[in-house]
Amino acid sequence: MAKRIDVSDLNVYYGKFHAVENVNMTIEPRSVTAFIGSSGCGKTTFLRTLNRMHEVTPGASVTGKVMLDDIDIYDPSVDPVAVRREIGMVFQRANPFPTMSIYDNVLAGAKLNNQRISKRRADEIVERSLRDANLWDEVKNRLNKPGAGLSGGQQQRLCIARATAVEPAVLLMDEPCSALDPISTLAIEDLISKLKENYTIVIVTHNMQQAARVSDRTAFFNVEDTGKPGKLIEIGDTNKIFTKPDKKETENYITGRFG
Ligand SMILES: Nc1ncnc2c1ncn2[C@@H]1O[C@H](COP(=O)(O)OP(=O)(O)OP(=O)(O)O)[C@@H](O)[C@H]1O
């Protein structure tokens, strides 16, 4: 079930370096929100704070609040592993477990969360997740073959199937198409448009056409200078951001007059 994310006064630090400053935003359920902005403005850093993934980076810390519906994900009573089950992540490079079968790859997260799954239930999860990822027809006759035997685009869809197998509320995608050819990219974009019916989706992308194609809302981040923190400049309906943004900085970036 898709959920809303509400971020207030979020700051991110790597040690003493202030990487992202004071972000406030709401990410709507059943929609796609794209994060755009120049390299180093903090898109990935900010994305990773939305499921506490930054905590695996030594020295990274956060102040502020992130609400997932009515749960404060930084509340001391909240288990970060439970947060990552609710808020899944798909990375830039498809990272299936290479020697593990396609079948077991899909189940990898689900098995961690719930040790005892019957064979019948496992079969159901695998088929549902692969169908959701538009991959079932391509792999149904080789489920026991290794994940590494798939093409790059298929591997990325396998990673999406692995992420949805645990039925999260939110999917965070960090440049999921940057290593893919144009055809595989379009397949993932189609998939994102389908998945938004059931999930809250956030995608970091360097590709403005992609943001325009797949997202309902776009957030533009910028950084004034090296060593300064990245900031959210504005967030709004994608159409508006790309045609009539409120801020001059956004317009300069969108129209290629940046830098
Ligand atoms: N592990 C880290 N330790 C220290 N600084 C980091 C670390 N990761 C990122 N940074 C710094 O934080 C800032 C934001 O980086 P981040 O990767 O989030 O930007 P980005 O907008 O996602 O960039 P890109 O589009 O190139 O991926 C940069 O100045 C970067 O050098």
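This is a predicted model: local features need pLDDT of at least 70, side-chain atom pairs count only at pLDDT 80 or more; totals for chains, interfaces and linings use all residues.
A residue counts as buried if 20 or more other C-beta atoms lie within 10 Å of its own.

**Glu175**

Glu175 sits in the loop between β7 (170–174) and α7 (182–195). Is Glu175 buried or exposed? Glu175 has 21 other C-beta atoms within 10 Å, so Glu175 is buried. Beyond residues up to four places away in sequence, Glu175 touches Gln92, Val204, Thr205 and His206. Gln92 is 83 residues from Glu175 along the chain, yet their C-alpha atoms are separated by 4.9 Å.

**The sheet**

An open sheet is built from 10 strands. Their order is β5-β4-β1-β2-β10-β9-β3-β8-β7-β6, and the pairing is mixed. β5 (71–72) and β6 (87–90) are the edge strands, each pairing on one side only. Strands of a sheet pair through backbone hydrogen bonds, either parallel or antiparallel.

| Strand pair | Sense | Bridges | Residue pair |
|---|---|---|---|
| β6 and β7 | parallel | four | Gly88 and Leu171 |
| β1 and β4 | antiparallel | eight | Ser8 and Lys65 |
| β4 and β5 | antiparallel | two | Leu68 and Ile71 |

β1 spans residues 5–14 and β4 spans residues 60–68. β4 and β5 form a hairpin with two residues between them. In that turn, Asp69 has a positive phi of about 50 degrees.

**The core**

In soluble globular proteins, nonpolar side chains tend to be buried together. Here the largest nonpolar core has 68 residues. Which residues have the most contacts inside it? They are Leu171, Leu172, Ile201, Val202 and Ile203. Leu171 is also the bridge partner of Gly88. Leu172 touches Leu47, Leu50, Asn51, Ile87, Gly88, Met89 and Val202, leaving aside residues up to four places away in sequence.

**The ligand shell**

There are 13 residues around the ligand. Tyr14, Ser39, Lys43, Thr44 and Thr45 come nearest. The shell divides into four nonpolar, eight polar and one charged residue. Which elements supply at least two residues each? β2 (17–27) and α1 (43–49) do. The largest share, three residues, comes from α1.

Conventions
Residues are numbered from 1 along each chain as its sequence is written. A residue is near a molecule or strand if its C-beta atom, placed from the backbone, lies within 6 Å of it. Ala, Val, Leu, Ile, Met, Phe, Trp, Tyr, Cys and Pro count as nonpolar, Asp, Glu, Lys and Arg as charged, and the others, Gly among them, as polar. A residue is buried if 20 or more other C-beta atoms lie within 10 Å of its own, exposed if 12 or fewer, and partly exposed in between; C-beta atoms are placed from the backbone. Two residues are in contact if their C-beta atoms, placed from the backbone, lie within 7 Å. A nonpolar core is a set of buried Ala, Val, Leu, Ile, Met, Phe, Trp, Tyr and Cys residues joined through C-beta atoms within 7 Å. Two strands pair if DSSP finds at least two bridges between them.
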